[in-house]
Amino acid sequence: MSVSSERVVVVGGGVIGAACAYYLRQAGREVVLIDQGAFGRGCSHGNCGYVCPSHVLPLAGPGALWNTFKALLAHNSPLKVRWRLDPAMWRWFWQFARKCNGRDMLRAGHALQTMLVSSRGLYDELLKTTLTDVEWESLGLLFVFRTQHAMDHYAETDRLLRNEFHLAAKRYDGQALLDLEPALKPGSAGAWHYQTDGHLRPDKLMLAWRRVLESQGVEIREQCELRDIVADRQVARQLITTHGEIPFDQVVIATGAWTPQLNRLLQRPIAIQPGKGYSLTMPRPAVCPKYSMIFEEHRVAITPLASTYRIGSTMEFAGYDTSLNPDRLRLLRESAAIYLREPHAEPILESWYGWRPMTPDSLPFIGRVPAFDNVFLAAGHGMLGVSMSPATGRLVAELVAGQTPHIDPAPYAVGRL
């Protein structure tokens, strides 16, 4: 690996920051990674660990506004919004509403698919030799439906995914689903199986990233909070942090849901809202699912890891609230019990929440920040940070180095909203 004299500072020690640091180092840059907390302990720690090329459709689409409204009125809804006097939040929902149409949905879907397919291929390479001991499993993902109405309704989505995105799922009805996955209770209408997908254990992924980065000479500074960016006109020169000044040639901001708190430094509002997700981690139950699965009607996900078992999901727009809401955790347990013969086990090893960086159009912001010539942003990956991280890291490294990007960066431009 040839080493350049240019130094790049990556701000953010989550899965996106780690991937950016890796590919920048592969490009020969000297890399320093800083995080205001501990490396890998944010939203990258306790999520469901899906690598899911199946998730090409954005949240905003035809009917999404009405479905959101119904969900907010429903008891024990997986979606919860804590309304407050926050102009940024109201602006975000207005931008989301504008994207709830077929044209924007397909445009965003193709951009998501490009990123997801690229990442899936890169994971195939990384998991062979670089990212080891992450409990990778590639059996696919089941979208499970309890009612026949919901199962048949999803058939319309399946047709769209097949025709528009060439993304096919295998359908299992009734007893065929139980034969495939005996951990499910009798009575579910069926499921759609996306064999493209896989899962891993995200905290072990972050440990693997740390081993790789440190072995390649990336300096990781924890408890190092960014306070200011010192610039000469459009050229940023150094970061002011709680650990002192850090000079650089380029900087990459990969701060996830925290990014809007840097609006002043970036000299523009970043349309990201923290979408709070929850998970429960426990030992594997005696009757443990073989497949990872999503219960679409309840928006709850199951990940049967090799060493543990995780129930996760729900979405709570509550700002930067740090409380662990027991009602949301109870909702995870109750929803899993509807579908599974043994939905949970004791003891609970970890009750967790994380803030997903949600954008109105479900696309991340990747590219140069307009106010600066040498400041780049890589944030806003929503619920797909693990899935899209390798392609994001590679694309960021290509943009920083002035190389021809392997995918078109235009759909992810920082100034698009």
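The points below concern a predicted model and take up its cysteines, one of its helices and its charged pairs.

1. A search of the whole structure finds zero disulfides, a pair of cysteine sulfurs having to lie within 2.5 Å to count as one. The sulfur of Cys20 is too far for a bond, because the closest cysteine sulfur, in Cys43, is 16 Å away. Cys43 is likewise in no disulfide, the nearest cysteine sulfur, that of Cys48, being 10 Å away. Cys20 is buried, at 0% relative accessibility, whereas Cys43 is partly exposed, at 26%.

2. Helix H4 covers residues 102-129, and its 28 residues should span 40 Å at 1.5 Å a residue, which agrees with the 41 Å between its end C-alpha atoms. The N-terminal end of H4 is capped by Asn101, a side-chain oxygen of which lies 3.2 Å from the backbone nitrogen of Arg103.

3. The search of the whole structure also finds 27 salt bridges. In one of them Arg210 pairs with Glu214, with the closest N and O atoms 3.1 Å apart; these residues are four apart in helix H7, and so are separated by about one helical turn. Arg330 and Asp327 meet at 2.2 Å, N to O, and both lie in helix H9, three residues apart.

4. The salt bridge between Lys276 and Asp321, whose closest N and O atoms are 2.9 Å apart, links distant parts of the chain, Lys276 being in strand S14 and Asp321 in the loop between strand S17 and helix H9, 45 residues apart. Both Lys276 and Asp321 are buried.

5. A network of salt bridges links Asp133, Glu135, Arg201, Asp203 and Lys204.

Definitions and conventions
Residues numbered from 1 in each chain as written. Predicted model: local features only at pLDDT ≥ 70, side-chain atom pairs only at ≥ 80, totals over all residues. Heavy atoms only, no water. Buried < 20%, exposed > 50% of the residue type's maximum accessible area, 1.4 Å probe, protein only. Helix = DSSP H or I, 4+ residues; strand = E, 2+ residues; numbered from the N terminus. Expected span 1.5 Å × (residues − 1). Polar contact = N/O pair within 3.5 Å; in protein donor to acceptor, adjacent residues only side chain to side chain. Salt bridge = Lys/Arg side-chain N within 4 Å of Asp/Glu carboxyl O.
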